[in-house]
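Please open the model in a viewer and keep the sequence at hand.

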Amino acid sequence: MSPSPLPSPSAQPGAPATSHPVPESCTDLFVSFTLIALQGFGGVLAVIQREMVERKRWLSNEEFIEEWSVAQILPGPNVCNLAMMIGQRHFGLAGAMSALAGLLAAPLVVVLALALVYARFADMPAVQGALRGMAAVAAGLVAATGLKMAAALGKNVLPLVACVLIAVLGFVLLAWVRVPLATVVFGLGGLGCVLAWRRFKP
């Protein structure tokens, strides 16, 4: 899709003006998120970042990180939150529901079919080995996406050193110390908000 200097004519009144492409309709949202969901083996973070930022360019990398951060702290699945936020930005409630439906409808059918197959063949060593291999690929995709998103830290209001320290501390607390996710999100997230607010404060 080629860039357009104007927002979508069908976008909701009051939606933010943008110089990059936007969804053309609720159908465009539904189809786009369906294709994203069908590519999301082991999670769709890597796929949705590539599609939204690099391919469709509906969001800049900085906008994606901001919206993903909000989606992370809201109740419910992160990527569902993000899909509804993107849909609502352009087409209100209808857009939010279209994006969410696209994210869930086709994968639901696929998962139900695979569950029937898995129940029959789960004990086979070949199946167990294949699942372990897919887990390794999913971990690599998440790590690669994290590195792509880290490029936007240079434009963050906080110094790069502070951003890196907060990220490393979050990793240590979650992976090694085993602190509950909610504690890390609200603790380090609150710290980041306070530090950013102090830099904005006159």
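A patch is made of residues with over 30% relative accessible area and no salt bridge, in which like charges are joined within 9 Å and nonpolar side chains (Val, Leu, Ile, Met, Phe, Trp, Tyr) within 5 Å. A salt bridge is a side-chain nitrogen of Lys or Arg within 4 Å of a carboxyl oxygen of Asp or Glu. Accessible areas come from the Shrake-Rupley method with a 1.4 Å probe, and for residues only the protein chains shown count as cover.

The model is predicted: local features need pLDDT of at least 70, side-chain atom pairs count only at pLDDT 80 or more, and totals for chains, interfaces and linings use all residues. Residues are numbered from 1 along each chain as its sequence is written, and side-chain values use heavy atoms, leaving out hydrogens and water.

First, select Phe30, Val31 and Leu35, a nonpolar surface patch with about 250 Å² of accessible area together. Val31 belongs to helix 1 (residues 26-39); helices are DSSP runs of H or I with at least four residues, numbered from the N terminus.

Next, select Phe33, Ile48, Met52, Phe64 and Ile86, which have the most contacts inside the largest nonpolar core, a set of 26 residues. Such a core joins buried (under 20% relative accessible area) Ala, Val, Leu, Ile, Met, Phe, Trp, Tyr and Cys residues through side-chain atoms within 4.5 Å. Helix 4 gives the most to this core, with nine residues.

Then centre on Phe64. Beyond its neighbours within four places in sequence, Phe64 is in contact (heavy atoms within 4.5 Å) with residues including Leu45, Leu82 and Met149.

How values were computed: Helices (H or I, at least four residues) and strands (E, at least two) are DSSP runs, numbered from the N terminus. Buried means under 20% relative accessible area, exposed over 50%, partly exposed in between (1.4 Å probe, protein chains only).
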